[in-house]
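Hi there,

Here is the structure I promised to pass on. Please have a look at it first, and then read my notes below.

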Amino acid sequence: MSGARVILRVDGVSKRFGGVVALDNVSLEAEEGGIYGLIGPNGSGKTTLFNCITGVYKPDKGRVFFDGRDITGLQPHVIARLGVARTWQKVRPFRNIKVIDAVIAGGLLKTSSISEARKIAEETLELVGVAREEWGKLGSEISLMEHKLVDLARAIATKPRLLLLDEIAAGLRPHEQEKLAEVIRRVWRERGLTIIVVEHVMKFVMSLSRKIFVLHEGRLIAEGTPEEIASNPKVIEAYLGIKPA
Amino acid sequence: MFNREILIALAIFEALVLGLGFALSGNNYLMLLAAQVLLFAVFVAAWNIIGGLTGQLDLASSAYMALGGITTSLLWMKLNVPPLLGVFAGGAVAMGLAVLIGLPTFRFGVKEVWYALMTASLVVILNNLFRYTMGPWDFYLPSKWGLIYLRPRTYFELFLIIDVVLVIVILVNVYISNSKIGYYLRSIREDELASESIGIDTRSYKLRALAIYSFITGAAGFLQIVIYSSFSYRLFDTSQAISIAIMGIIGGLGSISGSIASAVIFRTLGEYLRSSLGGVFPGLDLLLYGIMLIIVGVLKPEGLAGLFNQIRRWLGK
Amino acid sequence: MTPLDLLVAAGQQVIDGVFLGLFYAIVASGLALIFGVMDIINFAHGDLIMISAYFTWLLSMTLNLDPLFSMLLTLPILFLIGLGIQKGLINPVLGKEPLIQIAVTVGLGFVLQNIALGYFKAEPKGYPAPLFSGGFSLGPFVIYESKLVSAVVSLVVLILLSRFLAKTKLGLAMRAVTDDRASAMLMGINVGRVYLLTFAIGMVLIGVAAGLWMEMGQVTPYLGTSFSLVSWVAVALAGLGSIQGLIISAIIIGVAQSLGSLISPSIQMAVVYLIFFFILWFKPRGLFARR
């Protein structure tokens with residue numbers, strides 16, 4: 001992957017809430033086509049970093065560059081239009097609309113035609129493996145696993161170049177997590193996206209990513225391959241009590 | 001866009017409405033009531049765009065209705081602009097005010113309870129300002145009749161005019177619902193941040209929904225004044241605005257058929273209660289709305305539309 | 001009018017406004033407490049005051065007792081009614097989407113309003129000879145006894161409330177739940193019981209507001225809407241978690257309304273709601289929020 005161009009560059013980003021420092025001078029780079037993990041204990045600033053990248057928060061200091069363009073502080077929908085998609089930690093982002101309609105809304109980013117967006121939605125739902133009989137169900141009628149897949153499909157339907165997955169495996173059973181990892185790998189292979197996975201389930205990230213960033217108390221304390229990370233004393237200390245499996 | 005199922009449903013609905021219209025055409029009193037019920041359905045159907053589809057609990061319907069209606073009336077009385085044209089100006093004025101307030105409101109992320117309160121207090125503000133400027137009097141429309149004034153000689157014709165408006169508003173709803181803006185509005189109703197993250201400019205789309213709803217409500221407002229044949233500051237009525245939102249909720253948020261059904265059923269029932277028991281128990285109709293709302297809120301948040309779906313599934317089995 | 005006359009008139013309005021504001025503080029306190037602790041959006045708040053005011057009036061007329069005293073009889077009953085409303089209507093919608101909560105409480109408000117309209121009819125009802133009905137002059141200003149008394153009683157009750165929240169076990173639990181629900185649960189606070197008692201205490205505050213209103217004025221079925229709106233404006237202005245903040249905000253509202261009535265009595269509420277708009281736009285967390 002070396003030599004590929006940098007699609008995301010986070011440059012010295014800091015963010016504080018009141019007196020609490022959530023992110024402290026975080027810098028990282030992701031190359032186009034890579035698949036990355038971002039780990040850290042709860043409260044280490046992972047979601048805050050995602051929120052700073054996707055425009056939900058404006059960083060206090062530092063810049064965010066996407067594909068060479070400074071996107072710091074742009075509104076979330078503008079950043080989405082540039083090609084950054086994400087999923088949400090929140091369990092159910094929709095309840096009262098149908099699965100297919102939720103994904104069509106994603107597909108409408110690149111077209112105004114409902115029928116074209118529907119085609120995009122159907123392809124995407126098939127790609128992530130949501131069974132056809134689920135497509136007509138409401139968000140409140142499907143299982144948590146299906147919800148995660150639909151949320152993923154909706155993000156992919158916007159045809160992004162960078163996909164940020166925020167604790168997508170949280171709350172799932174081990175065999176569901178394995179299936180989800182498989183889906184993410186398939187999406188990555190077939191769509192050639194750049195993916196960053198935020199997770200505190202170590203096993204999930206370790207199996208997926210080629211390169212991992214570790215956040216601890218708002219600071220980036222390590223980056224490297226899964227093997228390097230697993231044997232890094234700083235990481236082990238930060239995760240004391242959470243065994244890297 | 002307008003698929004067969006929808007067109008058939010609309011045709012059946014229209015057959016019923018027109019059939020009822022002809023049946024009642026001999027009785028002026030009932031005809032006027034029927035016109036009022038249909039007009040109420042127009043306001044509820046317009047509210048469905050901001051409240052039902054977009055999920056913004058707007059309680060200012062009566063403000064836009066009154067503002068638009070009074071604008072149209074004044075243009076007619078002072079400047080001789082025939083209401084057939086004047087209603088568009090009425091709609092535009094209502095829309096202008098809505099957008100003017102909507103811009104900072106959505107910009108600063110006012111939502112949920114605060115949006116509801118803000119819109120409710122807009123009704124009171126306008127009520128006070130109009131009472132201040134026009135006093136407590138009723139102003140009667142000029143004694144001129146004709147289609148160009150949207151003021152026909154018989155209540156049956158008025159009923160037909162309102163029915164045409166209702167059909168237009170239903171078609172607007174269906175069109176919006178099945179196009180990109182409809183998908184986006186429903187997505188906003190479910191979760192604004194998640195909508196932003198799939199590239200939806202939530203502020204701009206909320207503003208569009210508000211603009212369409214306030215324009216329709218303002219334009220149709222004149223018909224309410226035609227039914228009363230007069231206007232006063234009392235048209236800015238919080239109860240009326242809340243009733244309209246209640247029908248949209250009882251009907252099932254975002255469901256045009258549910259909204260219209262609840263508007264027609266409950267307003268008819270309400271008018272019946274008011275005429276039969278109003279002397280003994282004023283407000284019994286509104287009491288009924290309140291009870292229905294509590295029942296729907298506690299037991300069946302999907303509203304009448306949920307009930308329709310259940311019946312449909314049950315019939316399908 | 002000479003400038004001096006105008007100054008005196010304005011001064012009179014400020015005095016009346018401060019009294020009105022202190023009364024508004026007690027009107028809003030029940031809402032602030034319930035919203036803060038339970039996160040329940042109660043649109044029926046003003047209508048609960050309205051119906052309690054009728055209740056006070058009914059007792060006053062039957063027993064020939066001044067509202068200030070019949071209020072003392074209504075409070076325990078309202079406490080029990082509060083328990084009932086919480087169990088029957090509020091509990092089912094706790095934690096539900098705001099829209100559902102608004103719908104159910106708007107429905108409750110409509111029901112109360114129209115029960116009042118059906119039973120008491122639209123004519124205003126008041127107690128004919130309240131204990132405090134006169135006034136006395138203070139320099140160029142007139143002080144109305146009823147307004148003074150209601151302001152003083154409001155202040156006393158609010159001080160008692162803040163003592164209660166600061167000193168008693170239940171009060172501390174209520175504050176803990178306001179500040180951070182999840183941690184409060186972890187600390188072993190029985191949140192369900194706190195909710196139940198919060199609503200009941202909220203009803204008692206509503207009863208005080210209703211009683212004081214009957215000492216000053218008359219009740220109609222439509223009284224509730226403006227009380228609801230004023231309470232929400234006060235909460236928006238104050239933010240959650242500070243009784244002092246609530247009192248100051250309510251006084252700001254009272255004075256603004258009172259000065260607005262100098263322009264014309266028919267636009268006094270418009271002035272208050274315009275303030276509301278600007279607060280929501282520019283200071284959405286209120287002036288004194290702890291949370």
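This is a predicted model: local features need pLDDT of at least 70, side-chain atom pairs count only at pLDDT 80 or more; totals for chains, interfaces and linings use all residues.

Residues are numbered from 1 along each chain as its sequence is written, and chains are lettered from A and ligands numbered from 1 in the order in which they are written.

Chain B has 13 helices and two strands (DSSP runs numbered from the N terminus: H or I of at least four residues for helices, E of at least two for strands). Its radius of gyration, taken over C-alpha atoms, is 19 Å, close to the 20 Å from the globule rule for 317 residues, so chain B is as compact as a globular protein of that length; the rule is 2.2 Å times the number of residues to the power 0.38. Along the principal axes, the C-alpha atoms of chain B fill a box of roughly 55 × 50 × 40 Å.

Now to where the chains meet. The contact between chains B and C takes 38 residues from chain B and 34 residues from chain C, with residues in contact if their C-beta atoms, placed from the backbone, lie within 7 Å. On the chain B side, α5(B) gives the most, with 14 residues. That side divides into 29 nonpolar, seven polar and two charged residues. Here Ala, Val, Leu, Ile, Met, Phe, Trp, Tyr, Cys and Pro count as nonpolar, Asp, Glu, Lys and Arg as charged, and the others, Gly among them, as polar.

The contact between chains A and B takes 25 residues from chain A and 18 residues from chain B. The chain A side holds 14 nonpolar, six polar and five charged residues.

**The sheet in chain A**

Chain A has an open sheet of six strands, ordered β6-β7-β8-β3-β9-β10, with mixed pairing (two strands pair if DSSP finds at least two bridges between them). β6 (84-86) and β10 (219-224) of chain A stand at the edges with a single partner strand each, so one side of each has no neighbour in the sheet. Strand β9 (residues 211-216) of chain A runs antiparallel to β10(A), and five bridges join them. A:L215 has A:L220 in β10(A) as its bridge partner.

Enjoy exploring!

Notes:
Two residues are in contact if their C-beta atoms, placed from the backbone, lie within 7 Å.
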